[in-house]
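Hi,

Here is the structure I said I would pass along. Have a look at it first, and my notes come after.

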Amino acid sequence: MKATAAPLDATLTVDASRRADGLATAGPRGRKPLTWKKRSTPWVYMAPAMFVLLLMTVAPAIFIFYSAFRNDKILGGVGKFVGLDNFITAVTNASVQHAFLITFGFVAVAVILEMILGFALALPLAAQTRANKVGAALMLLPFAVTPAVAAMVFKQLLNPNYGWLGYYLGVFGFPKGVDLLGDPTSAWIVLVILDMWQWTPFIALILMAGLQSLPGEPREAAMVDGATPWQMFRHITFPAMVPFIAIAAVLRTIQAFKTFDSFKILTGGGPGESTEIINLGIFRVGLQSFNVGLACALGVVFLIILSLLIPFMLRIIGRRADPEEM
Amino acid sequence: MTTTSSTSRGGTVARVIIGRTFLWAWLLVGLVPLLFMFITSIKPAGIANQIPPAWIFQPTLDNYASVLSAGGGKSESFGQLLTNSAIVSLGATALAIVVGVPAAYALTMRDFRARKGLSSWILSTYMFPPIVAVIPVFVFAGKLGLMDTYPALIIPYAAFNLPIVVWILRSSILQLPYEIQEAAMVDGASTGNVLRRIIWPLLVPSVATAAVLTIVLSWNEFLFALSLTRSGAKTAPVGLQQFTGMYGTDWGNITAAATLIVAPILVLMVVLRRQMVAGLTFGAVK
């Protein structure tokens, strides 16, 4: 390896001291302190990534915390400090409360249904047969579809005049020309079904990988002892699957809170405001009505709520994904 | 193996059959929207939204030709939008990899005491909702004159994919035997040389996985593209929405455009199925 004399010297000193003390990291008293260069190297390597991440997460967070206390409009020039007004509006406004409520409702219903169905699909899919290889590939197809495209295609399938769904339901005697997106309840059901169509495969594939990684011995031992299939599932398969279920649930919950495309395209929040989840609400208030202050106040509240998921993210995903912890 | 071994018991046969029936019913019903999209896209003009749906017709590529040529008297053809999508996705991927590889390496350095905390911080930014970032980015992009330009999308997309990229690469580096690095350092290699000559060649497969994931997720993005572009950098998923106005909802054209958006992603995802799922779980599921 080519290296100039000076850095070579520096690295050698550090390495010699490290070797003398075994592989432990530097730190305890009495050891030669790391050179400044050595200490700053990782920060130099981190800097570009940290800059990009700070620019797109921490900086926007600071901006919304600042703007939430002001009444700036994007087009109307500079506003002024208005104290907690935006937060008071955010908390007391009935349509905002509705938006938060239906966001939670949507996330809860979609994630729970997707988890149950995903598990039901993963069980037969985990058997490593040739047919299942095809099955797993087919399973992924809806998941691979661009969400905005999926919503557009669903919208056409549901078109009251020309849609396939209406026509073929009509063939089986259902009323024709029903606009499923025109009624709050059926619009909700459609949005949940679209979400399930796209995301259940993701959960099924995670749980399938989990099932395939389980050791066979406990099941075989239980079978020899005469356990029923339900007992085996209840006491062996399910407990071993808990970490995978947790991973799928946490990831899916975080993603579900970010849902935007399908609502925007399929219903646009309508009919009325019946499907205006908070993501759509912030978009409308901030980028269509240009009420930046209120949108930022909503963003602050939403960000705080989502931050509550960080510990689960770190414990369930982070620890398991980290080779240092295993 | 897990399922087949239990078929020896009488009662479980029914259970297995029910399970498999459900699985294949789900798979087939799930294909209907894709089937609708593709079949409509190859129907000749005039019968695309005919009711009852036509099943026997002369397939044609007319819709694709009409979508890709600059149509409707508007400034940009759908081909241009697909090009924009590709530029933005590849740009975001390049940026994410260029800043992500050194960061991932730093996070595996044993002398780096902040590595645990920083790894956790990077992972937790995955929670950050894009809707919260879009308004500040909209305001700043406006002030910096970056509205409707490629960087206005490339930087956010790279940032939102960095948690996945860094975690995939970090875990791959940690799985390499540390002795290789150590041996090189004893021989006097600098950290930069270790990264370039020792780690990078071994890291290429993981970089490929991270890159494909970033391409796919950037290609699919809608919120930022909708908010920050007008015409110059407009991406294909946003352009698709305007087909209804531009062409008076020509079902043939809109489904052809939809197929063009989806097809490349579908191929990548199906080929790299396992890596995609592993990557999207940050490597928590192999």
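First, the ground rules. This is a predicted model, where local features need pLDDT of at least 70 and side-chain atom pairs count only at pLDDT 80 or more, while totals for chains, interfaces and linings use all residues. Residues are numbered from 1 along each chain as its sequence is written, chains are lettered from A and ligands numbered from 1 in the order in which they are written, and side-chain values use heavy atoms, with hydrogens and water left out.

**Cavities**

Searching the whole structure turns up five cavities of 30 Å³ or more. On a 1 Å grid over the protein atoms alone, a cavity is a set of points where a 1.4 Å probe fits but cannot get out; a pocket is an open set with protein on both sides within 12 Å along at least five of seven lines; and lining residues have an atom within 4 Å of a point. Grid points are joined across faces, edges and corners, and a volume is the space filled by probe spheres set on the points.

The largest cavity holds about 920 Å³. Its lining has 38 residues, with A:P147, A:W199, A:K258, B:L217 and B:E221 nearest the centre. Two or more lining residues come from each of α2 (36-67), α8 and α11 (261-266) in chain A, and from α5 (130-143), α6 (151-175), α8 (191-220) and α9 (223-228) in chain B. Helices here are DSSP runs (H or I, at least four residues), numbered from the N terminus. The top contributor is α6(B), with six residues. By class, the lining has 24 nonpolar, 10 polar and four charged residues; Ala, Val, Leu, Ile, Met, Phe, Trp, Tyr, Cys and Pro count as nonpolar, Asp, Glu, Lys and Arg as charged, and the others, Gly among them, as polar.

The second largest cavity comes to about 110 Å³. It is lined by 12 residues, and A:K38, B:M109, B:D111, B:M185 and B:T191 lie nearest its centre. Its lining splits into five nonpolar, three polar and four charged residues.

**The largest pocket**

This one has a volume of about 560 Å³. Of its 17 lining residues, A:F154, A:L165, A:I193, B:V29 and B:P33 are nearest the centre. The elements giving two or more residues are α6 (147-157), α7 (164-171) and α8 (184-213) of chain A, plus α1 (10-41) of chain B. The largest share, five residues, is from α1(B). The lining has 16 nonpolar residues, one polar and no charged.

**Two helix pairs in chain A**

The axes of α12(A) (278-288) and α13(A) (292-307) come within 8 Å and cross at roughly 155°. Axes are lines fitted to C-alpha atoms, for helices over the stretch in contact, and angles run from 0 to 180 degrees between N-to-C directions. The pair is therefore roughly antiparallel (over 145 degrees). Contact means heavy atoms within 4.5 Å: A:I278, A:N279, A:I282, A:V285 and A:G286 of α12(A) meet A:L294, A:A295, A:L298, A:G299 and A:F302 of α13(A). Those residues are seven nonpolar, three polar and no charged.

For α9(A) (217-224) and α10(A) (229-257), the axes come within 10 Å and cross at roughly 155°. That makes α9(A) roughly antiparallel to α10(A). Here A:P218, A:R219, A:A222 and A:M223 in α9(A) touch A:M232, A:I236 and A:T237 in α10(A).

Cheers

Technical notes
Angles under 35 degrees count as roughly parallel, over 145 as roughly antiparallel, 65 to 115 as roughly perpendicular and the rest as oblique.
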